[in-house]
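Visitor: I'd like some practice at reading a model. Could you walk me through one?

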Amino acid sequence: MGKPIFERMKELKEIRPISFHMPGHKGRNWLINWGEYILDMDITEIPGMDNLQDPVGVIKRSQELAAKAFGARETIYSVNGTTGGIYIALGGISSPGDKILIQRNSHKSVYNAAILNRLDIEYVYPNYNKDHHLYTGIDPDTIESKLKESPDIKVVVLTYPNYYGICSNIEKIGEIVHKYGKLLMIDEAHGSHFIFSDHLPTPALKAGADITVQSIHKTLPSFTQTSMVHIGSERVDVERIKAMSALYQTTSPSYLFMTSLELARAYMEGEGKERLDKVIQELKVLEKSLQEIPRVKVFTGDKDDKTIHSKDITKILFRIEGLTGVNTNKILMEDYNIYLEMADRHHALALTSVMNDREDFEALYKAIEDIASREYDYVDPMDIDIPMPKIERPIYEAFYSNKRAVDLKDSIGKISASFITPYPPGIPLICPGEKISRELVEYISFLKDKGIEIIGFMGYNKEKIQVID
Ligand SMILES: Cc1ncc(COP(=O)(O)O)c(C=O)c1O
């Protein structure tokens with residue numbers, strides 16, 4: 001009679017942490033009293049409830065209202081998060097065998113979409129800002145060089161904003177991409193709130209993206225797993241996107257999820273919009289106060305880094321000198337009941353939303369002030385660099401090929417069939433189809449020795465890597 005998930009959920013309910021992580025509703029029942037509706041809303045396609053696979057009724061109308069609110073030509077709900085949305089969007093604007101240009105620190109759903117849709121990948125690398133130990137933006141000039149070098153690229157896929165709220169110059173990139181007759185797709189998982197305030201970076205569609213995918217659940221008050229695919233330009237064939245939606249989405253979509261998407265959008269068009277601006281003003285005060293605490297550094301941008309176009313203030317990216325981000329995160333959780341979104345060796349990230357209130361911000365400020373006055377540990381100044389491996393085989397071919405597991409030390413010169421990814425930052429060091437170099441093996445061993453968590457290995461002691469047979 002074990003119920004491990006439920007038991008842990010009950011514990012969390014008791015603890016009631018202050019949430020600076022996803023989902024964007026922050027556990028606050030402010031839109032409707034969900035407890036009252038939850039079972040009644042968990043239905044299937046009974047008469048009058050329409051069908052997400054081919055909407056003609058209430059779902060169609062709801063999606064049309066979303067399109068209007070988000071400035072899209074058409075919007076499609078995804079009940080499998082932005083992961084599902086990326087499969088749909090990329091599948092709908094490319095054909096098997098096409099080449100796409102993606103940033104090397106893309107979320108794994110972009111790589112997976114390339115496998116599923118049998119796309120050839122070429123990489124563009126983000127800037128690594130050594131002063132701040134952060135991946136920042138993409139230089140528009142490197143996009144232009146890539147498009148000149150490889151005229152067969154059909155689609156450019158970029159992340160905007162990145163996990164830390166850093167935004168590249170998408171307007172400029174969009175102009176370049178369109179000058180070369182290509183499509184610009186944006187993974188805007190972390191940017192669905194942008195359209196609702198003039199104090200935030202420009203939303204991707206307004207900046208010229210042809211299609212974007214947003215996790216409404218990350219930064220707006222909707223349930224986990226709820227996202228939207230927004231089609232912006234006439235260059236995108238809407239019917240192909242709809243066909244992909246029917247291909248990748250369940251035939252039993254949750255009406256709770258779809259209702260939650262609708263309620264979040266409706267809230268943000270009214271009361272939520274005003275509230276968001278109020279929250280942003282409070283965040284400006286908080287950011288300034290945090291900067292005044294000795295040892296505390298809040299990342300607000302870097303004027304010398306030309307790849308940073310803007311920074312989303314709702315993501316508080318900070319560090320306490322002399323303390324790792326990972327430890328800061330741990331202390332906040334254990335001693336102050338404050339749960340952050342993530343931390344790495346240097347930074348900690350507090351993800352705020354329209355549903356956070358002043359009390360949350362005061363609690364965070366006091367906790368950081370307190371920690372900075374007493375806690376120290378050793379911060380290893382090392383950085384994790386993205387390697388630049390050579391692609392030997394298309395990612396989909398390597399993924400579906402016959403594989404065998406070999407010891408890491410014996411894998412040099414072979415072609416990887418796995419993703420090997422250190423967390424954080426969650427960017428693959430090696431992907432299927434890439435050649436494993438001696439430098440890479442040495443680097444992975446070095447990271448392992450440093451105790452960095454690396455996923456993707458096999459074997460009892462996680463010492464083996466899958467290679468193409
Ligand atoms: C940049 C980025 N893209 C896509 C995704 C996938 O989004 P979802 O969790 O909604 O499937 C994530 C999730 O963290 C992400 O960070």
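Guide: We'll take the domains, then a helix, then the ligand site. Keep in mind that this is a predicted model.

Visitor: Into which domains is the protein chain divided?

Guide: The assignment gives domain 1 as 10–23 + 273–372, domain 2 as 34–269 and domain 3 as 395–468. Between the C-alpha centres of domain 1 and domain 2 there are 26 Å.

Visitor: And how do I read the contact between domain 1 and domain 2?

Guide: In general, the size of an interface is often given as the accessible area lost when the parts come together. Here we count residues instead: 24 from domain 1 are in contact with 32 from domain 2. On the domain 1 side, helix 12 (271–291), strand 13 (310–311) and strand 14 (315–320) each give two or more residues. Helix 12 gives the most, with four. That side divides into 10 nonpolar, six polar and eight charged residues.

Visitor: Why does the length of helix 1 agree with what a helix should span?

Guide: Helix 1 (residues 4–15) has 12 residues, so at 1.5 Å a residue it should span 16 Å, and its end C-alpha atoms are 17 Å apart, which agrees.

Visitor: Which element gives the largest share of the shell around the ligand?

Guide: Helix 4 (residues 81–93), with three residues. The residues surrounding the ligand include Gly 81, Thr 82, His 107, Tyr 163 and Asp 187. By type, the shell has two nonpolar, eight polar and one charged.

Note on methods. Residues numbered from 1 in each chain as written. Predicted model: local features only at pLDDT ≥ 70, side-chain atom pairs only at ≥ 80, totals over all residues. Near = placed C-beta within 6 Å. Nonpolar A, V, L, I, M, F, W, Y, C, P; charged D, E, K, R; others polar. Domains from an automatic or database assignment. Contact = placed C-beta atoms within 7 Å. Expected span 1.5 Å × (residues − 1).
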